[in-house]
Amino acid sequence: MNLLKLDITNMKHDYSEKLFREAQQIIPGGVNSPVRAFRGVGGTPFFTQRATGPRLWDVDGNEYIDYVGSWGPMILGHAHPKVIQAVLDAARNGTSFGTPNPLEIRLAKLVCEAYPSIQKVRFVNSGTEATMSAIRLARGFTKRDKIVKFDGCYHGHADSLLVKAGSGAATFDVPDSAGVPADFARNTLTLTLNDVAGLKRVNWSEIACAIIEPVPGNMGLIPLKLAFLQALRQVTRDVGALLILDEVMCGFRVAKGGAQELYGVTGDLTTLGKIIGGGLPVGAFGGRTDIMDLLAPNGPVYQAGTLSGNPLAMAAGIATLEELFQPGHYKTLEERSAALCYGLKKIVPGYHARVGSKFCVFFTDVPVVDYATAKTCDTKKYGRYFHAMMENGVYLAPSQFEVGFMSLAHTEADIEATLRAAREAVKTL
Ligand code: KE4
């Protein structure tokens, strides 16, 4: 297997197409998460056979340099030896106990070490569970019902958060999901990202919390203006509304202490996911002790989970963070990401954005500063770019409204190969 020279002879996808037909008979849309169905870019999704480092191989044997990284968790690259060994070692002792286990404490300490604003943390099984639970906790703590979110931000698929959501919802241009009762949506107010004046339109004294992605990555990547984030922090603090920073995607990615370290703005609660599970299902929410201690069994806010704190998931998360925290790794991620995006910006026409090792290109010629400007993108052109890159051996997010992720496994040679693929791909645009 020649890792550097990608075998780019018109790829075959026969087996993926066969499997997709089969999958659609028994799994809705043939996928277990909508964005994987390639509806945002057209065509048939490939089925992955295996992945190592920065590379994926599909069931037809096609090889890709992977910038999706399972939507963020694979910051060390796929199948990192230390993560695999940690999971194997944990599995030999049993896969789930339903009792406290020592690994939960170790991962909790790693999270609290990186996030000073997190004094206590509770583990769950997905980012959605983390944000859903944090919202309930904020409502229990403040005894208020209304919440504020921001257009295009996606916080998972909990009912009260599927309002003008990003990610798959943005891709399908279905901001509100069917099945969400009107009075759920009525308690969710949505504001516009980066609009300081808009913050004044809310009576914050009736708001339980504001939830925001501090590095929005679910409508493509839209960096927040620091002044906006500071204003949101101030306006919530002034009237006792909680600020929930949803760092499921940017946590441990844009810096060791996530966006809170980058911007110097801390949340009352923080939600985490993806990287902290090292590819296994883990979410987490944490924050001030006086808030977190309202959670059962200490307090009246109920939250639970059969597999929460699962030893295999904890082991994968511990191995991932312990490796990620090694000196120089965040500097390497920054340098590699900057090199890739510098190169792409010279090749691919569009509005480019990057924060740390998260990046994207918007196929529009206006600056993208919020959901409305993100929606000016030519999604069909993005689809052509996506498929041209895929046929040239590079797997990007199958939607204009997602982002790319660099890992520590991507080398300079991978970056060069990616830029070569981009030069070929733009010819087809
Ligand atoms: P999960 O429930 O998918 O683990 O996490 C939900 C979530 C919460 N908060 C943020 C900021 C997120 O980005 C996510 C999930 N991100 C999407 C990718 N845009 C997951 C991919 C998918 O839905 O398949």
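A nonpolar core here is a set of buried Ala, Val, Leu, Ile, Met, Phe, Trp, Tyr and Cys residues joined through side-chain atoms within 4.5 Å. Buried means under 20% relative accessible area, exposed over 50%, and partly exposed in between, with a 1.4 Å probe and protein chains only.

Two remarks on the source. This is a predicted model, in which local features need pLDDT of at least 70 and side-chain atom pairs count only at pLDDT 80 or more, while totals for chains, interfaces and linings use all residues. Residues are numbered from 1 along each chain as its sequence is written, and side-chain values use heavy atoms, with hydrogens and water left out.

The largest nonpolar core has 71 residues, and Phe123, Phe252, Leu321, Leu324 and Tyr385 have the most contacts inside it. Helix 11, residues 311-324, gives the most to this core, with 9 residues. Helices are DSSP runs of H or I, at least four residues, and strands are runs of E, at least two, numbered from the N terminus. A second, separate core has 40 residues, including Leu224 and Leu245.

Take phenylalanine 123. Leaving aside neighbours within four places in sequence, its contacts (heavy atoms within 4.5 Å) include Leu107, Val111, Ile276, Val282 and Met314.

Now the domains. Domain 1 covers 3-66 + 328-428 and domain 2 covers 106-305; the bounds come from an automatic or database domain assignment. Their centres, taken over C-alpha atoms, are 27 Å apart. At the interface, 25 residues of domain 1 are in contact with 30 residues of domain 2.

For the chain as a whole, 57% of the 429 residues are buried. There are 15 helices and 14 strands.

Strand 12, residues 358-362, pairs with strand 14 over 2 bridges, and lysine 358 stands opposite phenylalanine 405 in strand 14.

Technical notes: Pairing = 2+ DSSP bridges.
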